[in-house]
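Me: I am new to this structure and would like to go through it by question and answer. Please show the sequence and the model.

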Amino acid sequence: MVQLGSRLLKGYRGGHVVIRFALGGCTNRPFFRIVAAHSRRARDGKYLEQLGCLDPLPNARGEKVAGLNLERLRHWLGCGAQLSRPAEKLLGLAGFLPLHPMTVTGAERLRRRRRAQEAAVPPVAGGLQQPGEKP
Amino acid sequence: MTGLDLQKVFRPVKQELKPPKYKLLTEAQLEEATKKAIKEAKEKLTMPPVLDEREPIDDVLAEDKILDGIETTKYIFTDLTYSIPHRERFIVVREPNGVLRKATWEERDRMIQIFFPKEGRRVIPQAVFKDEHLVTVFQQDRHEDILNMCIAQFEPDSADYIRIHHRTYDDIEKHAKYDLLRSTRHFGGMVWYLVNRKKTDGLLIDMIHRDLLDDATSLITLYHMLHPECQSAKEAEERKLQGVDLIKVFAKTESQKEGYIQLALQAYEEAMATSTDHIEELDLCCLLQHQL
């Protein structure tokens, strides 16, 4: 039992408080808890406080449900906590923080890729139609 | 007017079964216990709020055209701060087309029930509350149960709450089942609805049949308070009518079922006359028996 006690009362050198996602749930069924924890802790390990949750799978109405305890979030940000990138992106989507630049970049990249795919597909389709037109 | 039938207010509600407790009380203690029971019954009979339908929420907080078409589903963000009232909670929706808007009332109710569950309320309202199923409920005479369920499930100013209440009151008025709601907390709401729409005739006849003349006069006084410009209100004020005269004037001027009300009043007066004769006979019999 002494070994267990020393594991629980771990002291780290350095590290800071981060607000990040802790993964839970079951196989093929993820569920994230938005959590304030030491950066050196395990992803799903002991945290300081749970600040919310996010269900990445859409529900029966086609919505992804997320809860954020904004008051405690403001408290931890005031204490100097840092945010992980997915947490920043989520808060940008929520409107609590401004939109993350990587969200915008990701959107532009996706658009460019889609446009390229659409540009690549029609000439092939146009080429295939000609043998069909001339019986 | 709601009536105070202790038997009905405290009738057994479906709960876990406990064996009955018997107490030995003196007369004074029994009186005290009855008074306490009446006080508790009055608390149970407080009318639930009657509000106007709420305005739909239609507020856009931000429009980000860059995010249009990137996500396939929408995100709903709920503020989980414990100390703010549910009406002021922030619940926003990020649509797939990049628009950040406030959530509609239905979405708000659902999210608040998910994160702050209230007893007796479900996240998705039950199928009983749809119109086609309400008909079955009314056929079984379970108006009070469905109204209790409605109060537990919906907010007082939501469209569903108002719709279900109005349907129930209409059905009761159509079949004259006023006694189902008497001595429950829904009676007040029903009377308010009927008086606002001037459909009080059936209720008046029912009250006269059950010899509740005081309730009938209170109903007509309420009608005059709500519609002061009607003819019977002016006459009543001029001539300062009370009791049966008030009902007769009301029947003549305002009601559609004048004949029925007159018949009911006649039957009541005859019953009063015969019962006074009976009382006098009974008093004589008692005196003779005492003497013998």
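Me: Where in chain B is the place of Arg11(B)?

Reply: This is a predicted model, in which local features need pLDDT of at least 70 and side-chain atom pairs count only at pLDDT 80 or more, while totals for chains, interfaces and linings use all residues. Residues are numbered from 1 along each chain as its sequence is written, chains are lettered from A and ligands numbered from 1 in the order in which they are written, and side-chain values use heavy atoms, with hydrogens and water left out. Helices (H or I, at least four residues) and strands (E, at least two) are DSSP runs numbered from the N terminus. On that basis, Arg11(B) falls in the loop between helix H1 (6-9) and H2 of chain B.

Me: How far apart in space are Arg11(B) and Gln262(B)?

Reply: Arg11(B) itself is partly exposed, at a relative accessible area of 33%; buried means under 20%, exposed over 50%, and partly exposed in between (1.4 Å probe, protein chains only). In sequence, Arg11(B) and Gln262(B) are 251 residues apart, and from C-alpha to C-alpha the separation is 35 Å.

Me: What pattern does chain A follow when read along the sequence?

Reply: Chain A holds four helices and five strands. Of its 135 residues, 27% count as buried. Along the sequence, the order of the elements in chain A is α-β-β-β-β-α-β-α-α.

Me: Which residues does Leu77(A) touch, not counting those up to four places away in sequence?

Reply: Leu77(A) belongs to helix H2 (residues 70-78) of chain A and is partly exposed, with a relative accessible area of 29%. Its C-alpha atom is separated by 9.2 Å from that of Val18(A), 59 residues apart along the chain. With contact meaning heavy atoms within 4.5 Å, and leaving out residues up to four places away in sequence, the partners of Leu77(A) are Ile19(A), Leu83(A) and Phe96(A).

Me: Which residues in chain A lose the most area to chain B?

Reply: The size of an interface is often given as the accessible area lost when the parts come together. Buried area is the accessible area (1.4 Å probe) that two parts lose on being put together, summed over both; between chain A and chain B this is about 2300 Å², of which carbon and sulfur atoms give 60%. In chain A, together accounting for 26% of what that side buries, the residues that lose the most are Glu63(A), Lys64(A) and Leu93(A).

Me: With which residue does the side chain of Glu63(A) meet in a salt bridge?

Reply: The contact between the chains takes 28 residues from chain A and 26 residues from chain B. A salt bridge is a side-chain nitrogen of Lys or Arg within 4 Å of a carboxyl oxygen of Asp or Glu, and the rule finds one across this interface. At 3.0 Å from N to O, the partner of Glu63(A) is Arg110(B).

Me: Why does the salt bridge of Glu155(B) and Arg87(B) tie together separate parts of chain B?

Reply: The side chains of these two residues meet at 2.7 Å, N to O. Glu155(B) lies in the loop between helix H5 (143-153) and helix H6 (159-175), whereas Arg87(B) lies in the loop between strand S2 (74-79) and strand S3 (91-94), so the pair joins parts whose distance in sequence is 68 residues.

Me: Which residues are linked with Arg87(B) in a network of salt bridges?

Reply: At 45% relative accessibility, Arg87(B) is partly exposed. A search of the whole structure finds 27 salt bridges over all chains. The residues linked in a network with Arg87(B) are Arg54(B), Asp109(B), Arg121(B), Glu155(B) and Asp157(B).

Me: How far apart are the end C-alpha atoms of helix H9 (residues 213-226) of chain B?

Reply: Buried residues of H9(B) include Leu213(B), Leu219(B) and Tyr223(B), and their cover includes helix H7 (187-196) and helix H12 (258-291) of chain B. The expected span of a helix is 1.5 Å times one less than its number of residues. The 14 residues of H9(B) should therefore span 20 Å, and the distance between the end C-alpha atoms agrees, at 20 Å.
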